[in-house]
Amino acid sequence: MAKAKTTFFCQNCGTQYSQWLGQCKVCGEWNTIVEEVIEKSSANSISSLSSSSSKNKIYKIHEIETTDEYRILSNDSELDHLLGGGIVPGSVILIGGEPGIGKSTLLLQISLQIPKKVLYVSGEESSNQIKMRSDRLDISNSECYILTETSTQKILKKAHELQPELLVIDSIQTLHSSYIESSPGSISQIRECASELIKYAKETSTPVFLIGHITKEGSIAGPKILEHMVDVVLQFEGDRNYVYRLLRANKNRYGSTSELGIYEMFSSGLKQVKNPSEILVSKKDESLSGNAIAVTLEGLRPMLVEIQALVSTAVYGTPQRVTTGFDVKRLNMLLAVLEKRAGFHLGTKDVFLNVTGGIRVDDPAIDLAVICAILSSNEDISLPDNCLFAGEIGLSGEIRPVNRIEQRIIEAEKLGYDVIFISKYNKIDRKKYNIRVEMVSKVEDVYKLLF
């Protein structure tokens, strides 16, 4: 019998080595390199489980006929919108997120409400635990089948017998293949199990959802090649102290990666948020300084977010710069612009910044709102409740134009705001909007109009 081939993998980053080392040269972690068997049986192949056989043929590119891609609707408008219009048959979708964020709840909810035959495979929970969660969700589907198994060979055998129209795996780190002699969750096991499931999905045109654990850094656990192998990578985000959950697309072969799905967590499951602008802007009985409303874009969806700033004298010597939901390096840059270009002395003051709702915003169009919130808190003068902002701040203190400004103005007008401050260099026709559009070119211009 031939000797089994082995190699060494770092369990933290997946780097392969020909011999054992104490420290990984790539990620710098100690004692994470483990020997794993990589030789698998050539006699057994997952393709033998499938009766379908196809002969590949070479085509000229102009000979290939294109048709509209059929998509399966999941009855979850947020997920369908995020995936580009629905679930593509044969696609493999990987969902990652913090423990307890709601990954299993979301996929069980989809499995129960989609009008298709679904096989839900769990390697972490018993069938009784899944039934308890489904009772809490209060959704019934007679075509949802539950299997508690961790062997990919047994799972695929049951799948070929049942022939489901959707397969859910919870989670990829708990599976193991008999072709690889290593423990579940190891680099080689994750890669082999994912490869077998992807082959099954492509041969049978069955969409497969995979739940993936994440590391303490926030990336999906296992080899990076796992994200390259699948078609879609979704990241489930949110703060446990808030009820809102965000579903972002980090990779999507069938749609845009700039879209965002928003859910609200209840004891009865995840509820879709149709209009996030109404929940992300708080209702106040009185006007307070340091609050500004920004119009941001997540993909094609415009929404309003509230920026809160607090500027106070630094009593402990070194001024603090603390942010929640905003890049602290960008805050430092904006404060330097205010100090150098506009003459505001903020170098000896603490600045705290918060994006309400527990979400994180990377859109540079909220720069103007951040500046105005900081100036409002510094002057202790509240901004008008009926105004909002959309503009990027440059290093010379100019207000730069932002993309899709028409969509932002329409969203502000739809929600009943009276004034929106944008860059002077945005080319628009102000007369066709019912909202008043103030066009400014520098930070000083905004300051003169508001304070």
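Is D138 buried or exposed? I began the notebook with this residue of the predicted model, and I found D138 exposed, because its relative accessibility is 69% and the cut-off for that class is over 50%.

**Entry 1: the loop between α3 and β6**

I placed D138 in the loop between α3 and β6, and I noted that its phi is near 60°, a positive value in a residue that is not glycine. I kept in mind that most residues other than glycine have a negative phi. I then looked up S142, which lies in the loop between α3 and β6 as well, and I recorded that S142 counts as exposed because its relative accessibility is 67%. From S142 I took a C-alpha to C-alpha distance to M439, and I got 58 Å in space for a separation of 297 residues in sequence.

**Entry 2: the chain as a whole**

I counted 11 helices and 21 strands in the secondary structure of the chain. Along the principal axes, the C-alpha atoms fill a box of roughly 80 × 55 × 50 Å. Of the 451 residues in the chain, 50% are buried.

**Entry 3: the nine-stranded sheet**

In which order do the strands of the open sheet follow one another? I read the order as β6-β5-β7-β8-β4-β9-β10-β11-β12, nine strands with mixed pairing. At the edges I found β6 (144-148) and β12 (269-272), each of which pairs on one side only. Ignoring direction, I noted that neighbouring strands of this sheet are turned by 25° against each other on average.

I then looked at the helices beside these strands. Helix α3 (residues 127-137) packs on the sheet and touches β5 (118-122), β6 and β12, and I recorded an angle of about 145° between its direction and that of β6. Helix α5 (residues 187-204) lies across β4, β7 (166-170) and β8 (208-212), and I noted that α5 runs at about 160° to β8.

For G97 I looked up the bridge partner in β9, and I found F236.

**Entry 4: the cavity**

Which residues line the largest cavity? I searched the whole structure and found one cavity of 30 Å³ or more, with a volume of about 30 Å³. I listed R71, L83, G86, I87, V88, S91, I93, V232 and Y254 as its lining, and I sorted these residues into six nonpolar, two polar and one charged.

**Entry 5: backbone details**

I checked the backbone for exceptions, since most peptide bonds are trans. I found that the peptide bond from D170 to S171 is cis, with omega near 5°, and I placed S171 in the loop between β7 and α5. I also noted R404, which has a positive phi of about 50° although it is not a glycine. R404 lies in the loop between β19 (399-400) and α10 (405-414), and I recorded it as partly exposed because its relative accessibility is 37%.

Is T356 buried or exposed? I found T356 buried, because its relative accessibility is 11% and the cut-off for that class is under 20%. T356 lies in the loop between β16 (349-355) and α9 (367-379). Leaving out residues up to four places away in sequence, I listed L280, E306 and Q308 as the residues that T356 touches.

**Entry 6: strand β20 and its partners**

Why is strand β20 described as largely enclosed by the rest of the structure? I noted that five of the five residues of β20 (residues 419-423) are buried, so the strand is largely enclosed. I then looked up its pairing, and I found that strand β17 (residues 387-390) pairs with β20 in the parallel sense over four bridges, with L388 opposite I420. Strand β21 (residues 436-440) pairs with β20 in the parallel sense over five bridges, and I recorded V440 in β21 as the bridge partner of S423.

Notes. Residues are numbered from 1 along each chain as its sequence is written. This is a predicted model: local features need pLDDT of at least 70, side-chain atom pairs count only at pLDDT 80 or more; totals for chains, interfaces and linings use all residues. Side-chain values use heavy atoms; hydrogens and water are left out. On a 1 Å grid over the protein atoms alone, a cavity is a set of points where a 1.4 Å probe fits but cannot get out, and a pocket is an open set with protein on both sides within 12 Å along at least five of seven lines; lining residues have an atom within 4 Å of a point. Grid points are joined across faces, edges and corners, and a volume is the space filled by probe spheres set on the points. Ala, Val, Leu, Ile, Met, Phe, Trp, Tyr, Cys and Pro count as nonpolar, Asp, Glu, Lys and Arg as charged, and the others, Gly among them, as polar. Two strands pair if DSSP finds at least two bridges between them. Helices (H or I, at least four residues) and strands (E, at least two) are DSSP runs, numbered from the N terminus. Axes are lines fitted to C-alpha atoms, for helices over the stretch in contact, and angles run from 0 to 180 degrees between N-to-C directions. Contact means heavy atoms within 4.5 Å. Buried means under 20% relative accessible area, exposed over 50%, partly exposed in between (1.4 Å probe, protein chains only).
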